[in-house]
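The following paragraphs lead through one protein chain, from overall confidence to individual residues. Please keep the sequence and the model in view while reading.

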Amino acid sequence: MTPSSPSAPNHDSGSGIQVESTIGSHIDAQIYNNQVWDVVGDAAGGASGILLYASDPASSMNADVVGNTLDSIGANGLFM
């Protein structure tokens, strides 16, 4: 039996998965085969199902995002 999803996202939650590169750092991220649901009740600050963010010009990120399932997301499913 599959649990039912709520009709509205959880208003106390932010991003389901968040990866942030800061202060001149470099990140290689592999985000594979996740189930993200019932997140982002308030999209303030860019909250998303999956949020990938390099916060300054000296920071960088390479990300592979493959095979993820996003359901009942209150804003962007994927935000880069």
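The chain has an average pLDDT of 84, and 85% of its residues score at least 70; pLDDT is the predictor's confidence in each residue, on a scale from 0 to 100. The model is a predicted one, in which local features need a pLDDT of at least 70 and side-chain atom pairs count only at pLDDT 80 or more, while totals for chains, interfaces and linings use all residues. Residues are numbered from 1 along each chain as its sequence is written, and side-chain values use heavy atoms, with hydrogens and water left out.

The chain contains 0 helices and 7 strands. Both kinds of element are DSSP runs numbered from the N terminus: helices are H or I runs of at least four residues, and strands are E runs of at least two. Read from the N terminus, the order of elements is β-β-β-β-β-β-β. Among these elements, the highest mean pLDDT, 97, belongs to strand β2 (residues 26-32), and the lowest, 88, to strand β7 (residues 78-79).

How are strands β1, β4 and β7 arranged? These 3 strands form an open sheet in the order β1-β4-β7, with parallel pairing. The edge strands are β1 and β7, each of which pairs on one side only. Two strands are taken to pair if DSSP finds at least two bridges between them. Strand β1 (residues 17-21) is joined to strand β4 (residues 50-54) by 5 bridges, and the two run parallel; here I17 stands opposite I50 of β4. On the other pairing, 2 bridges join β4 to β7, again in parallel, and L51 has F79 in β7 as its bridge partner.

The cut-offs are under 20% relative accessible area for buried and over 50% for exposed, with partly exposed in between (1.4 Å probe, protein chains only). Together, V65, L78 and M80 make a nonpolar surface patch of about 300 Å². Patches consist of residues with over 30% relative accessible area and no salt bridge, with like charges joined within 9 Å and nonpolar side chains (Val, Leu, Ile, Met, Phe, Trp, Tyr) within 5 Å. A salt bridge is a side-chain nitrogen of Lys or Arg within 4 Å of a carboxyl oxygen of Asp or Glu.

For the chain of 80 residues, buried residues make up 22%. The chain exposes about 5100 Å², of which carbon and sulfur atoms supply 49%; accessible areas come from the Shrake-Rupley method with a 1.4 Å probe, and for residues only the protein chains shown count as cover.

Of the contacts in the chain with a separation of 6 or more, 81% are between residues 24 or more positions apart. G14, in the segment before β1, lies 27 residues along the chain from G41, with 6.9 Å between their C-alpha atoms. Apart from its neighbours within four places in sequence, G14 is in contact with V39, V40 and A47. S72, in strand β6 (residues 69-73), is 36 residues from V36 in sequence and 8.5 Å from V36 in space, C-alpha to C-alpha.

How values were computed:
Contact = heavy atoms within 4.5 Å.
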